[in-house]
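The sequence and structure are shown first.

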4 protein chains.
Amino acid sequence: MSYALQILETHPKAIDVEADLLVRCIDACFDCAQACTGCADACLGEPDVADLVRCIRLCEDCADVCLSTGRVITRQTEFDAQVARTALQACVQACNSSAAECRRHAEMHAHCKVCEVACVTCERACQDLLAAI
Amino acid sequence: MSYALQILETHPKAIDVEADLLVRCIDACFDCAQACTGCADACLGEPDVADLVRCIRLCEDCADVCLSTGRVITRQTEFDAQVARTALQACVQACNSSAAECRRHAEMHAHCKVCEVACVTCERACQDLLAAI
Amino acid sequence: MSYALQILETHPKAIDVEADLLVRCIDACFDCAQACTGCADACLGEPDVADLVRCIRLCEDCADVCLSTGRVITRQTEFDAQVARTALQACVQACNSSAAECRRHAEMHAHCKVCEVACVTCERACQDLLAAI
Amino acid sequence: MSYALQILETHPKAIDVEADLLVRCIDACFDCAQACTGCADACLGEPDVADLVRCIRLCEDCADVCLSTGRVITRQTEFDAQVARTALQACVQACNSSAAECRRHAEMHAHCKVCEVACVTCERACQDLLAAI
């Protein structure tokens, strides 16, 4: 069981959203940030790095936005729905752009395939949470 | 002269937006992240911390979103306007919410007054850049 | 299977350290960053927030240091052992201080107990990796 | 006057270290994080990106470590000297490695020259603060 769920279950404030949706999104954001950091680094180590410049850049952006969004939605004390919503929308877009570029390299580079899955999973989890808050 | 401007002036890619607007926004994001981290910490040290819970929470969010946005707009290689735009919109909202709460405590706590200025300045810089990209 | 392992297994560069040790440390850093962000927020929402000030502060520090360390050790291209080592040492200390403070509140607040486990797990994973690089 | 100084001057807790040393280090950490993010991105946009792989990697590490260190030393409530010291030591090393690599490319790429200055400045500010806490 992830720490996110354990901490939410013992949180002093009532959580207005279904815990499973929230936990899935929190975990997806942190996991995607790790995957994008790893994919950017693996791309940087490839002999054809010059063909992977756009992939590296978008993975770096996606890692940063996933981390800030993951932290924003982790916080449930004095929850501000507008801050959460715009952060989630930024995360949907960052994941979408990164997934699209990783997809182009997925046949050639297996780490791009893994990262595409991480980005698509995170994009969907953010959209599901957006629909619920 | 800030490092942001010096690095942009020597960047290999053509920058499509007025450098001054961009640099002002980059610097405002990093400065606001620092100010919000400091204000959250100063609030946490106040004897009336229980009255400052919302301020701490929103400053933490704002610091995180400003850092990710500041890094996204710093990057000019393979610039993706949609990623930049949604990140900037999240930053506008995080700064707006944080500024509004800091304003409520500005007479009592001078660090909240300083942080309000940082947030308002960053919100405007993000809106100006949004209007230009 | 975590994305960290999947991406390492498809990384173009040879990894000099046992993959299991490395993956365990990467995942522990990101998980601990999430847990500390959550515990700081849960503490902030408690009626006795004034007694939890040190816990909030150390969890904030630990979250920041875990994220930067998690990203540094995720990167395997042009690995710099000195940078990795000092980052891991900072992470050991941040986790140790945060765990010690969470332990003091673990009977009263279950989220502090969860966070203590996350911090102790991460501290050990960092020490194990330090011993191997 | 930087926000860092303004907020420290209105902080509820007594600051044990000379404010000027502390503010210089805080500002240097955030400035260096921005410069390293920018230099990594500029390197990624260069035609000879394959020769700049080590520079990109070390700048990414340095940006991450500078941000976490900058946030740790910004916080003065319930200051923990051991956490601050190990974070500063990690930052000294990350700046040192990044500066050394940027120096190798400084004649060819002006952004590497700018980034080297940012890293050296931050390394010294961290060492000066380390000597005082």
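## The interface of chain B and chain D

In this predicted model, a salt bridge brings together the side chains of Arg71(D) and Asp64(B), with N and O 2.9 Å apart. The elements of chain B that each supply at least two residues to the side touching chain D are α1 (3-9), α2 (19-44), α3 and α5 (110-132). Of these, α2(B) provides the largest share of that side, twelve residues. By class, the side of chain B that touches chain D consists of 17 nonpolar, twelve polar and eight charged residues.

In total, 37 residues of chain B are in contact with 37 residues of chain D. About 3,200 Å² is buried between the two chains, and carbon and sulfur atoms account for 65% of it. On the chain B side, the residues that lose the most area to chain D are Tyr3(B), Gln34(B) and Arg71(B), which together make up 22% of what that side buries. Between chain B and chain D there are four salt bridges, and 16 residue pairs are found in polar contact across this interface.

## Helix α3 of chain B

Helix α3 of chain B covers residues 53-74; at 1.5 Å a residue its 22 residues should span 32 Å, and the end C-alpha atoms are 32 Å apart, so the two values agree. Because 21 of the 22 residues of α3(B) are buried, this helix is largely enclosed by the rest of the structure.

## The interface of chain C and chain A

Chain C and chain A each give 37 residues to their contact. The area buried between chain C and chain A is about 3,200 Å², with 65% from carbon and sulfur atoms.

Four salt bridges are counted between chain C and chain A. One pairs Arg71(C) with Glu60(A), whose closest N and O atoms are 3.6 Å apart. Polar contact links 16 residue pairs across the interface of chain C and chain A. On the side of chain C that touches chain A, two or more residues come from each of α1 (3-9), α2 (19-44), α3 (53-74) and α5 (110-132) of chain C. The element giving the most to that side is α2(C), with twelve residues. That side of chain C holds 17 nonpolar, twelve polar and eight charged residues.

## Salt bridges between chains

Over all chains, the structure holds 56 salt bridges. In one of them, Glu60(D) pairs with Arg71(B), the closest N and O atoms being 3.6 Å apart. Because Glu60(D) lies in helix α3 of chain D and Arg71(B) in helix α3 of chain B, this pair joins two chains. Glu60(D) and Arg71(B) are both buried.

A salt bridge also forms between Asp64(D) and Arg75(C), with closest N and O atoms 2.9 Å apart. Asp64(D) belongs to helix α3 of chain D and Arg75(C) to the loop between α3 and α4 (81-105) of chain C, so this pair too joins two chains. Both Asp64(D) and Arg75(C) are buried. Salt bridges with shared partners form one network, whose members include Glu60(A), Arg71(B), Arg71(C), Arg75(C), Glu60(D), Asp61(D) and Asp64(D).

## Asp61 of chain D

Asp61(D) is located in helix α3 (residues 53-74) of chain D. Its relative accessibility is 1%, so Asp61(D) counts as buried. Leaving aside neighbours within four places in sequence, Asp61(D) is in contact with Val72(C), Arg75(C) and Val83(C). With Arg75(C), the side chain of Asp61(D) makes a side-chain polar contact at 2.7 Å.

Conventions. Residues are numbered from 1 along each chain as its sequence is written. Chains are lettered from A and ligands numbered from 1 in the order in which they are written. This is a predicted model: local features need pLDDT of at least 70, side-chain atom pairs count only at pLDDT 80 or more; totals for chains, interfaces and linings use all residues. Side-chain values use heavy atoms; hydrogens and water are left out. Contact means heavy atoms within 4.5 Å. Buried area is the accessible area (1.4 Å probe) that two parts lose on being put together, summed over both. A polar contact is a pair of N or O atoms within 3.5 Å; within protein, one must be able to donate a hydrogen and the other to accept it, and residues adjacent in sequence count only if both atoms are side-chain atoms. Helices (H or I, at least four residues) and strands (E, at least two) are DSSP runs, numbered from the N terminus. Ala, Val, Leu, Ile, Met, Phe, Trp, Tyr, Cys and Pro count as nonpolar, Asp, Glu, Lys and Arg as charged, and the others, Gly among them, as polar. The expected span of a helix is 1.5 Å times one less than its number of residues. Buried means under 20% relative accessible area, exposed over 50%, partly exposed in between (1.4 Å probe, protein chains only).
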